[in-house]
Amino acid sequence: MEVLVNIKEVITVQEALDFIQSPECGGQVIFSGTVRNHTQQRAVLKLFYECYEAMAISEMEKIAAQVKEKWPIQKLAMLHAVGDKYPGDIAVVIAVASAHRGIAFDACEYVIDTLKETVPIWKKEFFADGEIGV
Amino acid sequence: MGILLFGAAKDIAGVPVLEKPAHVNNVGALKAWLYEVYPSLQQLKSMMIAVNRSYAVDMQALSDQDEIAVIPPVSGG
């Protein structure tokens, strides 16, 4: 399995899609997480993402190793953005390619669910009413 | 090496790095010391400690060479 793991200011769906292209793969599944303009009916101005980069990369690599154990996936890209992000901006992209679609859906969901539980990245919410939420 | 703080833990302590007291020799003792010095940390839903970039259990010993970090509930994605 080939893996791309990256944390940076700006990420795009296209770079993940480019990475997972393979003539052996008939299924590409992409999850893109974007910034919502509200949290529980409160208007959100922006999010600020902070990360413990060295450990975050290491935890993302652990997730990739788990995927490799579970499914015969050919390619996996895991990208996360940091810094100020505004409604509509892309915060996270997971892209998976495999010979057939079924396991690509399963692996993609597993990666985003696990990333949200274990990878040391934090968002701070800046609301329109001036409040800041963690 | 200092103790790195992130997210809500950094906001509560007011600093990004703390000095590890000499008597703190394992993860459990570190948590107890942090809760004593910064009682507001108890309001976090969870507080994990990472040693050398991996989540650590309370029994894990700490040395001055370790990279130690306080990990409040993560919220990536």
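Colleague: What should I know before we start?

Modeller: This is a predicted model: local features need pLDDT of at least 70, side-chain atom pairs count only at pLDDT 80 or more, and totals for chains, interfaces and linings use all residues. Residues are numbered from 1 along each chain as its sequence is written, chains are lettered from A and ligands numbered from 1 in the order in which they are written, and side-chain values use heavy atoms, with hydrogens and water left out.

Colleague: OK. How many residues are in contact between chain B and chain A?

Modeller: On chain B, 19 residues are in contact with 23 residues of chain A. Contact means heavy atoms within 4.5 Å.

Colleague: And how much area is buried between them?

Modeller: About 1,600 Å², with carbon and sulfur atoms giving 55% of that. Buried area is the accessible area (1.4 Å probe) that two parts lose on being put together, summed over both. B:Arg53, B:Val74 and B:Gly77 supply 35% of the area that chain B buries against chain A, more than any other three residues.

Colleague: How many salt bridges cross the interface?

Modeller: The rule finds two between chain B and chain A. It asks for a side-chain nitrogen of Lys or Arg within 4 Å of a carboxyl oxygen of Asp or Glu. B:Lys10 forms a salt bridge with A:Glu50, and their closest N and O atoms are 3.0 Å apart.

Colleague: Which parts of chain B touch chain A?

Modeller: Helix 1 (7–13), strand 4 (54–56) and strand 5 (68–71) of chain B each supply at least two residues of that side. Helices (H or I, at least four residues) and strands (E, at least two) are DSSP runs, numbered from the N terminus. Helix 1 of chain B gives the largest share, four residues.

Colleague: Let's switch to the salt bridges. How many does the structure hold over all chains?

Modeller: The total is 11. One of them joins A:Lys8 and A:Glu15, with the closest N and O atoms 2.6 Å apart. A:Lys8 is partly exposed, at 28% relative accessible area. A:Glu15 is partly exposed too, at 22%. On this scale, buried means under 20% relative accessible area, exposed over 50%, and partly exposed in between (1.4 Å probe, protein chains only).

Colleague: What does A:Arg42 pair with?

Modeller: A:Arg42 meets A:Glu131 in a salt bridge, 3.9 Å from N to O. A:Arg42 is in strand 4 (residues 42–51) of chain A, and A:Glu131 is in the loop between strand 8 (121–127) and strand 9 (132–133), 89 residues apart.

Colleague: And A:Asp84? Where does A:Asp84 lie?

Modeller: A:Asp84 lies in strand 6 (residues 83–85) of chain A and A:Lys46 in strand 4 of chain A, so the pair ties together parts that are 38 residues apart in sequence. The closest N and O atoms of their salt bridge are 3.1 Å apart.

Colleague: Now the strands. How do strand 4 and strand 8 of chain A pair?

Modeller: They pair in the antiparallel sense over seven bridges. Two strands pair if DSSP finds at least two bridges between them. A:Cys51 stands opposite A:Ile121 in strand 8 of chain A.

Colleague: Why is strand 8 of chain A called largely enclosed?

Modeller: Because five of its seven residues are buried. Strand 8 of chain A also pairs with strand 9 of chain A, antiparallel, over two bridges. Their hairpin has four residues between the strands, and A:Gly130 there takes a positive phi near 95°.

Colleague: What about chain B? What order do its strands take in the open sheet?

Modeller: Five strands run 2-1-5-3-4, with mixed pairing. Strand 2 (17–18) and strand 4 of chain B stand at the edges with a single partner strand each, so one side of each has no neighbour in the sheet. Strand 3 (residues 48–51) and strand 5 of chain B pair antiparallel over four bridges.

Colleague: Last one. Which loop holds B:Arg53?

Modeller: The loop between strand 3 and strand 4 of chain B. Phi of B:Arg53 is near 70°, a positive value in a residue other than glycine. B:Arg53 is partly exposed, at 36% relative accessible area.
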